[in-house]
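Subject: Structure handover

Hi,

Here is the structure I promised to pass on to you. My notes on what turned up in it follow just below.

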Amino acid sequence: MQKCLISMTETIVILAGGISSRMKTSEDTELETEKVEQANKSSKSLITFGNNKPFIFYLLKNISLAGFKNVILLVSKDYDSFKNTIEKFNDEFDFNIQFAIQEIPNDRLKPLGTSDAVYQTMKQVPELKQSSFCVCNSDNLYSVNAFNLIRNNEYTNAFLAYDRDFLEFPKERVSSFSIVKMDLDNNLNLFIEKPTPEQVQDNLDSSNKIRVSMNIFKFSGEIFKFLENCPLNPIRKEKELPTAIMNMINESSSYMKGIAIAEHVPDLTSKSDIHTINKLFD
């Protein structure tokens with residue numbers, strides 16, 4: 001099995017180019033007016049918590065504590081809000097930060113998906129094609145431990161394989177999460193979307209755990225050609241990162257190693273999640 005020569009990865013890409021449609025269209029009558037306005041008008045990772053700091057501040061803080069030296073924030077074309085917000089906290093982070101922009105095709109109203117997001121980032125920051133880098137969502141609050149695990153390992157390509165039992169979401173929400181199928185060496189074989197109970201039981205890992213991906217990855221530059229050639233999902237009409245990953249695994253000698261982790265990942269998808277995040281910073 002091929003492994004990286006360098007165990008520590010210095011760069012992470014944060015995907016923040018989405019239009020937050022589920023956040024904007026969801027309803028919650030118990031939220032204060034200010035939070036509703038933030039949720040409806042801005043990117044969800046700019047909603048403020050605690051001492052009036054945006055969600056992405058806490059994510060960046062954990063990234064900094066894990067030792068990353070370079071952060072690339074993939075945003076939409078109108079990224080002034082991100083830039084102005086993050087400039088206020090630059091002194092609190094020990095890393096360099098730059099922006100990449102996910103352009104939306106003229107015939108679409110929404111971005112083309114997560115595979116396209118990483119592809120556009122690698123086009124705009126071409127050194128990523130020759131290096132190791134991590135990728136995560138902007139609306140998941142991964143822990144310092146999680147960032148350490150994905151940053152400091154010997155694998156060329158990896159993802160964090162979360163124990164589903166530790167995710168503190170409502171049962172119906174967790175049961176809809178895609179699960180991952182891995183071999184006895186924890187190499188990824190398949191992403192299974194919307195699994196049936198039978199599929200779940202048939203795809204327990206070597207520790208009899210149900211494993212899910214929470215979209216935190218480590219890649220080598222080889223992923224680029226598979227992002228570039230990623231087909232549209234026939235149902236969602238987007239280019240999705242799991243598709244590019246599976247094509248890389250199936251069409252080359254590469255692998256994607258699952259790194260086991262057992263902890264919750266606070267998530268900011270809809271207005272109801274704002275209550276949960278508020279409690280973290282009360």
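Lys-35 sits over the face of Phe-49, 5.7 Å from the ring centre; a charge counts as over a ring if NZ of Lys or CZ of Arg is within 6 Å of the ring centre and within 35 degrees of the ring normal. Arg-151 likewise places its charged end over the ring of Phe-68, at 5.7 Å from the centre.

Before going on, some housekeeping. This is a predicted model, where local features need pLDDT of at least 70 and side-chain atom pairs count only at pLDDT 80 or more, while totals for chains, interfaces and linings use all residues. Residues are numbered from 1 along each chain as its sequence is written, and side-chain values use heavy atoms, leaving out hydrogens and water.

Now to the aromatic rings. The count comes to 15 aromatic pairs, where rings of Phe, Tyr and Trp (its six-membered ring) pair if their centres lie within 6.5 Å, and planes under 30 degrees apart count as stacked, over 60 as edge-to-face and the rest as tilted. Tyr-58 and Phe-281 are a stacked pair, with 3.9 Å centre to centre and 20° between the planes. This pair joins distant parts of the chain, 223 residues apart: Tyr-58 belongs to helix α3 (residues 55-65) and Phe-281 to the segment after α11 (271-280). Helices here are DSSP runs (H or I, at least four residues), as are strands (E, at least two), numbered from the N terminus. Tyr-58 is buried at 13% relative accessible area, whereas Phe-281, at 23%, is partly exposed; buried means under 20%, exposed over 50% and partly exposed in between (1.4 Å probe, protein chains only).

Phe-93 and Phe-95 are also stacked, 5.1 Å centre to centre with 10° between the planes, and both are buried.

Helix α5 (residues 114-124) is largely enclosed by the rest of the structure, because eight of its eleven residues are buried. Among them are Asp-116, Tyr-119 and Met-122. The buried residues of α5 pack (contact: heavy atoms within 4.5 Å) against β1 (11-16), β4 (70-75), β5 (96-101), β6 (133-137), α9 (223-228) and α10 (241-251).

Finally, the cysteines: there are zero disulfides, taking one as a pair of cysteine sulfur atoms within 2.5 Å. The sulfur of Cys-136 is too far for a bond because its closest cysteine sulfur, in Cys-134, is 8.5 Å away. Cys-136 is buried, at 0% relative accessible area.

Best wishes
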